[in-house]
Amino acid sequence: MSGLVLKLSPKERVLINGAVIENGDRRSRLSIVTPGANILRLRDAIHPEEAKTPVKRVAYIAQLVLSGDTAPADADIQLMRGIEQLSQVFTDHDSRSQLDAATMAVREGQHYQALKALRTLIPREERLIAAQAPAPVALPPSVKPS
């Protein structure tokens, strides 16, 4: 049998084609055999208030397609533009591979795969942002903060 197999923890929630499904008290497995079903584990979801960085904003657009809140045709243009903008910043080989994978996934209508590839860039983005943050100013020993 082909398709996606979801292994769910007790009480774990998943969004399938716009419906939230909660697992029972035991671990379970679901086989999704319908091609093109939109599936999102809610524990992996980016919440709207968290989509404040460039990578998270682009990934959030892919997530909106999976949740059924945006039509793929409307999101694809924004996704491609966002991925192009990210490619101007993420120039290392591994990041470019992930951006290429996200691009191909969008072209093929595989928004979950696009989201998955984009999510791998979030830790890198966090490191870049941390490196750009101004260093704390050290006060001389004789000066005490008020």
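Arg 41 is buried, at a relative accessible area of 16% (buried is under 20%, exposed over 50%, partly exposed in between, with a 1.4 Å probe and protein chains only). Its salt-bridge partner is Glu 12, with the closest N and O atoms 2.6 Å apart (a salt bridge puts a side-chain nitrogen of Lys or Arg within 4 Å of a carboxyl oxygen of Asp or Glu). This is a predicted model, where local features need pLDDT of at least 70, side-chain atom pairs count only at pLDDT 80 or more, and totals for chains, interfaces and linings use all residues. Residues are numbered from 1 along each chain as its sequence is written, and side-chain values use heavy atoms, leaving out hydrogens and water.

**Around Glu 12**
- Glu 12 counts as buried too, at 7% relative accessibility.
- Arg 43 makes a salt bridge with Glu 12 as well, at 3.5 Å between the closest N and O atoms.
- Arg 43 sits in the loop between strand 5 and helix 1 (54-67), and Glu 12 in the loop between strand 1 and strand 2, so this pair ties together parts 31 residues apart in sequence.
- Put together, Glu 12, Arg 41 and Arg 43 form a salt-bridge network.

**Around Arg 124**
- Arg 124 belongs to helix 5 (residues 122-132).
- Its side chain meets that of Asp 94 in a salt bridge, 2.2 Å from N to O.
- That pair links distant parts of the chain, with Asp 94 in helix 3 and Arg 124 in helix 5, 30 residues apart.
- Asp 94 is partly exposed, at 38% relative accessibility.
- Ser 95 joins in through a 2.9 Å side-chain polar contact with Arg 124 (N or O atoms within 3.5 Å, one able to donate a hydrogen and the other to accept it; sequence neighbours count only if both atoms are side-chain atoms).

**Overall build**
- The protein chain has five helices and five strands (DSSP runs numbered from the N terminus: H or I for at least four residues, E for at least two).
- Along the sequence, the order is β-β-β-β-β-α-α-α-α-α.
- The C-alpha atoms fill a box of roughly 70 × 40 × 25 Å along the principal axes.
- Of the 146 residues, 34% count as buried.
- There are six salt bridges in the structure.

**Confidence**
- Mean pLDDT is 89, and 90% of residues reach 70 or more (pLDDT is the predictor's per-residue confidence, from 0 to 100).
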